[in-house]
Amino acid sequence: MFDRWFGKSSSKTITKKTMLENFGIGIDIVDVQRFEKIKFQDKPTFYKKLFCQSEIKYCLKYKNPAQHFAGKFACKEALKKSIKKQISFLDVETSHHNSRPVIRLHNTKLGKYRFLVSISHEKEFAVAVVISEKI
Ligand SMILES: CC(C)(COP(=O)(O)OP(=O)(O)OC[C@H]1O[C@@H](n2cnc3c(N)ncnc32)[C@H](O)[C@@H]1OP(=O)(O)O)[C@@H](O)C(=O)NCCC(=O)NCCS
């Protein structure tokens, strides 16, 4: 089966396989209402279990924080799928570089990774895709 996908075994194809093994991909979609129903001002402890202080500060800058919270939540779930490991929400911190989203994994016991992330949100749903590379 391997030969059918990657051609006859050779050092080149083995390298290709090894490279792919280091990558993972995850996607998640979140209903924005989940965060609209529970406002930060009413239940800050709920938010503090899911989001780092910097993430809360970022989302609260907007007039529709729920969409941004939902995007960040989708991002954390997508990262979990991409590395196929159970992690705590607070292990993942999202931030921005030149307005592009960036993610970091704080729990170094899980190994070292590099990530690519993309987030999008509308009134009702937020989605995120994460590609991980184990380094
Ligand atoms: C970047 C852009 C495509 C976002 O599209 P949008 O429809 O407004 O927003 P979406 O709901 O699809 O996505 C919002 C998310 O996109 C991400 N984002 C913002 N700017 C981004 C960028 N330049 N590249 C990649 N992702 C970006 C953010 O994660 C944002 O969510 P967050 O602020 O809650 O983290 C749009 O703002 C745009 O065209 N901007 C002008 C061109 C541009 O690239 N400017 C960047 C200057 S460095």
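Trainee: To start, in which helix is Phe 46 found?

Mentor: Phe 46 is found in helix α4. Helices (H or I, at least four residues) and strands (E, at least two) are DSSP runs, numbered from the N terminus. Please note that this is a predicted model, where local features need pLDDT of at least 70, side-chain atom pairs count only at pLDDT 80 or more, and totals for chains, interfaces and linings use all residues. Residues are numbered from 1 along each chain as its sequence is written, and side-chain values use heavy atoms, with hydrogens and water left out.

Trainee: Is Phe 46 buried, partly exposed or exposed?

Mentor: Phe 46 counts as partly exposed because its relative accessibility is 26%. Buried means under 20% relative accessible area, exposed over 50%, and partly exposed in between (1.4 Å probe, protein chains only).

Trainee: And what is Phe 46 in contact with, leaving aside neighbours within four places in sequence?

Mentor: Phe 46 is then in contact with Phe 35 and Ile 38. Contact means heavy atoms within 4.5 Å.

Trainee: Which residues make up the cluster of ring pairs?

Mentor: Ring pairs link Phe 35, Phe 40, Phe 46, Tyr 47, Phe 51, Phe 69, Phe 73 and Phe 89 into a cluster. Rings of Phe, Tyr and Trp (its six-membered ring) pair if their centres lie within 6.5 Å; planes under 30 degrees apart count as stacked, over 60 as edge-to-face and the rest as tilted. By this rule there are 13 aromatic pairs.

Trainee: Let us change topic. How many helices and strands are there in the protein?

Mentor: The protein has 6 helices and 5 strands. Their order from the N terminus is α-α-β-α-α-α-α-β-β-β-β.

Trainee: Which residues of α5 are buried?

Mentor: In α5, residues 53–60, the buried ones are Glu 55, Ile 56 and Cys 59.

Trainee: Why are they on the same side of α5?

Mentor: They are on the same side of α5 because they cover an arc of only 100° around the axis, the arc being that of the directions from the helix axis to the C-beta atoms. On the other side of α5, Gln 53 and Lys 57 are exposed.

Trainee: What do the buried residues of α5 pack against?

Mentor: They pack against α4 (44–50), α6 (65–83) and β2 (92–97).

Trainee: Now the largest nonpolar core: which residues touch the most other members?

Mentor: Among its 29 residues, these are Phe 35, Phe 51, Leu 79, Ile 103, Leu 105 and Phe 115. α6 gives the most to this core, with 9 residues. A nonpolar core is a set of buried Ala, Val, Leu, Ile, Met, Phe, Trp, Tyr and Cys residues joined through side-chain atoms within 4.5 Å.

Trainee: And Lys 80, buried or exposed?

Mentor: Lys 80 lies in helix α6 and counts as buried, at 15% relative accessibility. Not counting residues up to four places away in sequence, Lys 80 touches Lys 85, Gln 86, Ile 87 and Phe 89.

Trainee: Lastly, in what sense do β1 and β5 pair?

Mentor: β1 (residues 23–31) and β5 pair in the antiparallel sense over 9 bridges. Two strands pair if DSSP finds at least two bridges between them. Asp 28 has Ala 128 in β5 as its bridge partner. β4 and β5 also run antiparallel, joined by 9 bridges, and form a hairpin with 3 residues between them.
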